[in-house]
Every structure is written in structure tokens, then in C-alpha cells.
Amino acid sequence: MATGASIVKSVEPTLIRLICVNEIGRSSWMLNVEFNDLEENNDIRFSFLMKSPLLVSSPLRAKYKAVAKEIPDSRKASLPANDSSKYRNKPRAKVTIKDKPVTFRTKVKSSGYTMKPHEKMFQPKTIPKEKTNYTADVRKLSLAEYPRESGVPMVADKRWDIGESGCAVTSLKVAPDGMTLAAGLSSGSVVVLPTKSTGKGCVYSGSKGQITGLGYNSIGNKLVSSTTGRVVNLWSKGQKDPVIRMDNNKSPSSEVVFPADVSSCCFYYIDKFIIVASGNLIILINYIDETKTDDIKTYCNKSSYKLAHIYENVGCQGITNICAVNLFYSHMCIAATTNKGLVVWDMNTSQPIKTYQNAHKRPINAIALNQGSRFSGLPLEGYDYFWTSAVTDGITLWDLRARFSVRRYTAHTARSAPCGIDVSPCGRYIATGSEDRCSYIYDIRHYSPLNKLTIFKDTVIDVAFNPMYSALYGVTTTGKIHSHVP
């Protein structure tokens with residue numbers, strides 16, 4: 001039962017009411033939507049949470065299994081006509097190698113009898129190295145909880161420099177486990193850095209065109225990236241080469257064709273699918289990752305992908321950005337179109353359920369969903385909100401149950417740079433980059449910014465919250481990454 005003061009802000013007298021509630025023991029917020037009783041409206045049933053089973057003909061039921069390669073007919077014809085069955089069914093003979101000395105080099109290391117004798121005697125290590133228990137660390141990480149009362153990030157903590165000569169940073173993402181962060185460059189490379197230290201990470205390269213989309217899977221060990229060269233790569237932790245490379249020149253049997261430059265990509269339905277936006281199409285791709293950590297047979301890659309479904313946005317020339325929930329099962333996917341509109345798709349029924357015409361003055365460049373994290377949950381009403389951003393038009397808060405926008409945030413500067421946005425795991429703050437060399441943090445209940453971070457020396461192109469603890473990362477176009485903590 002609410003005991004504190006309630007703040008009520010009327011956005012529309014007969015449509016929407018914004019209510020903030022303070023509960024006993026913890027601080028939380030709730031946005032309540034009330035529709036006109038005289039007007040018949042069915043939008044109240046829409047939610048990012050899955051509330052109905054999948055249809056029999058739903059594309060989300062698609063299953064993809066790798067098919068074993070068959071012997072070609074030309075090879076079968078080369079077998080003897082009379083004894084073909086004997087060759088096919090005959091088991092292979094086991095080859096045994098006898099034990100014998102093997103030398104891999106022409107030179108053998110000397111025993112050291114001609115070297116100067118050691119002057120320093122052997123000294124045992126009196127302080128043994130502490131052994132790390134990986135299982136205990138994983139268990140401790142799974143039991144961690146996001147600190148809701150930790151405060152707003154405002155103190156500078158760590159700094160990374162990933163700038164390359166002539167390459168700008170286009171996007172920034174943090175893994176769902178909070179251990180790594182990835183930055184996409186205009187050269188087509190992806191840099192992955194550890195969040196606990198300022199050391200050098202790994203670089204995934206080999207793609208042409210600048211990075212237009214980045215997305216982690218629900219665990220954090222895989223990363224999908226898209227470029228303007230109509231290429232989508234799936235990267236796996238510990239491997240420099242892409243596990244799966246999707247383009248128009250490979251694997252014609254997969255039926256995946258990108259009609260235009262890929263503008264965005266992400267994992268969907270708890271890593272079962274990959275969603276790709278190309279032209280005015282939303283392409284749903286099913287994939288299988290069968291990589292093996294074998295240093296000898298690195299060439300054996302049995303990973304594959306196949307087209308699951310195509311959703312066409314009629315009435316627009318292209319899609320600027322897409323966003324979908326991956327931490328839990330959801331039927332919804334949001335697409336921003338080039339005609340300044342916003343379309344909410346039901347991937348289960350393959351139909352658009354809501355369309356917002358002229359959502360911004362310019363085409364939308366960023367979408368952020370309020371999906372919490374693995375370490376933080378939200379009230380049921382909190383999952384129905386999302387934010388969009390456009391150049392020269394600020395940030396807009398939307399409610400899936402409402403017909404109009406709920407709130408706008410315009411204190412930051414974005415005249416030409418498509419600055420990114422992100423929502424905190426607790427669902428109380430929204431952060432964005434800015435052209436005035438600052439990053440802004442808004443409280444979703446207020447129009448004015450809650451905090452302004454001024455440590456940057458260039459345009460802040462993207463920001464990202466850490467899902468495990470309270471920390472905000474901001475990256476400039478020149479490749480300088482700064483982290484802030486409470």
C-alpha cells in the first residue's frame with residue numbers, strides 16, 4: 001500500500017495519467033494509463049510480455065536442424081557397379097601407431113653442460129597463488145542483484161581509448177552479464193573490452209563498411225554485428241573469425257537476401273532468432289551455432305543459418321532501426337521507418353498492431369526498451385514503455401497501451417549527430433549522448449536532466465548502462481570511453 005506522496009501529471013485529460021508511487025521498503029515508480037470510457041479501445045491488451053500461446057502457423061515455431069551432407073551422385077557413380085555395397089558398408093580399419101621417438105626439429109636443445117653454473121640456488125614460493133573457483137564465481141554472479149538504492153552515476157571511474165586513425169565509433173553495447181562492452185567502428189571492426197579493468201580487449205575485424213548494429217545474446221558470449229556492406233556477422237567469445245557470416249554471396253540455400261544496406265540487427269526470442277533490418281524488410285533468421293574449440297580442426301565449421309520469415313513494412317522505403325526483447329519471450333518488435341513513423345509488429349501473427357505516424361520530426365535513429373536485466377526485475381507495468389530518439393527532436397517516452405507519446409526530454413543537444421540512448425536496469429533513468437561534449441541522465445518522471453557528465457572532450461555518440469551494477473559508459477566519436485559510478 002502506498003504511503004508516500006504521489007505525483008500526478010496529466011498529459012491528456014481523458015487519456016493518460018502519469019503516477020509515481022513510493023512503496024514501503026523500496027522506491028518504485030508506476031505509469032498508469034487510463035482511457036476514455038466512452039471510446040472503445042482495445043490497445044490495453046498489448047504488452048511486451050507474452051500473454052498468449054503461439055499460433056500453429058506462427059513463424060516463431062520455426063525449427064532449424066543442420067542436415068548431414070549426402071554423397072554426391074558423381075561420387076556414387078565412380079564406385080564399382082558390382083561391389084558398390086561392399087565399399088559403402090565396409091567398416092574402416094583401425095590404424096594403430098607404434099610407440100617410437102619423434103623429433104619435430106632438426107636441432108636438439110643442449111643439456112647445458114657448457115653453460116656457466118647457476119649462482120642463485122633454488123628458492124621455493126612461500127606464498128602460494130590463490131586458486132580461483134570458476135563454479136563459485138558463476139554461482140555468485142547468478143545470485144547477484146542490481147543495487148536499486150546505489151544512486152545516479154556521476155563520478156568518473158575508468159577510461160579506455162579505442163580510437164583508430166580515421167575511424168569513428170558508431171555504437172556501444174554492454175553484455176547482459178556486465179563483464180564486457182563492445183564498440184562498433186566505422187571501419188567495420190568491433191572492439192570488445194573488459195569492464196573490470198582498463199586492459200586491452202580483442203578486436204573482431206574483416207567486415208567492409210561501418211558498423212550499423214550491435215547486439216549481445218542473453219548470456220553474453222556471442223555478439224551479432226551488421227555493416228553497411230550488407231553483411232551480418234555472428235561472433236563467438238574466444239574466436240577471431242566470425243562463426244556465421246551472412247551476405248548475398250554465400251549460402252544460397254539459406255534463402256537470405258539483403259535487398260539494401262543492413263541498418264540494424266539484434267538477437268530475439270532468447271537467442272533463437274536473429275532479426276535483421278534491410279530496406280523496408282524485417283528478416284527473421286534461424287541459425288545453428290556448432291562451433292568446437294579445437295585448435296587443430298579450426299576449419300571445421302558446421303554452423304549454418306536459414307530464413308524463417310520476412311515482415312514487410314508497406315508505405316515506407318526503409319527501416320532506420322529495430323529493437324526487440326531478448327531476455328524473455330515476447331511477441332513484439334519495434335521498427336522505426338524512414339517516413340518518421342514507428343511500427344509495432346506482432347511477430348506471432350505477422351501483423352503490425354500499432355502504427356505511430358510522424359512520431360518525430362526526423363527519422364528515428366535510436367530505440368530503447370525497458371526490459372530490465374538478469375539482475376533486476378520490474379513491475380509488470382514497467383515492461384510496456386519504450387523510448388525513441390531523433391536528431392533535433394530529443395527523446396520521447398511511449399506507452400504501448402496508449403495512442404500518443406507520454407513525455408519528451410529535450411535538454412540535450414543533437415542537431416546533426418545520431419546520439420544513442422539507454423535505459424537503466426532499474427527502469428528509473430534514461431541516458432543519452434550529446435553534441436555539447438556531455439552525457440545526460442534523466443529521471444523518467446521529470447523533464448529536466450538529473451545529472452550532466454562533462455568529462456568528455458568530443459561528441460558523445462552513444463551511452464550504455466551496466467546491467468549488473470550502477471555504472472554508465474559513454475563513448476565519443478574519437479574512441480574515448482569513460483565510465484561513471486555513483
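I began with a facing pair: Y268 stands opposite F273 in β16. Those two belong to strands β15 and β16 (residues 273-278), which pair in the antiparallel sense over 6 bridges. Two strands pair if DSSP finds at least two bridges between them.

Before going on, I wrote down the ground rules. This is a predicted model, where local features need pLDDT of at least 70 and side-chain atom pairs count only at pLDDT 80 or more, while totals for chains, interfaces and linings use all residues. Residues are numbered from 1 along each chain as its sequence is written, and side-chain values use heavy atoms, with hydrogens and water left out.

Next I looked up the sheet around that pair. It is an open sheet of 4 strands in the order β15-β16-β17-β18, with antiparallel pairing. β15 (262-268) and β18 (304-312) each have a single partner strand, so one side of each is left without a neighbour in the sheet. From one strand to the next, the twist averages 25° (axes are lines fitted to C-alpha atoms, for helices over the stretch in contact, with angles from 0 to 180 degrees between N-to-C directions).

Then I moved to β9. Which strands pair with β9? Strand β8 (residues 180-185) does, antiparallel, over 5 bridges, and so does strand β10 (residues 202-204), antiparallel, over 3 bridges. β8 and β9 form a hairpin with 4 residues between them, and G188 in the turn has a positive phi of about 95°.

Last, two single residues. D443 sits in strand β29 (residues 439-443) and is buried, at 7% relative accessible area. Its side chain makes a polar contact of 2.8 Å with that of R445 (N or O atoms within 3.5 Å; within protein, one must be able to donate a hydrogen and the other to accept it, and residues adjacent in sequence count only if both atoms are side-chain atoms). L342 lies in strand β21 (residues 342-346) and is buried at 0% relative accessibility.

Technical notes: Buried < 20%, exposed > 50% of the residue type's maximum accessible area, 1.4 Å probe, protein only.
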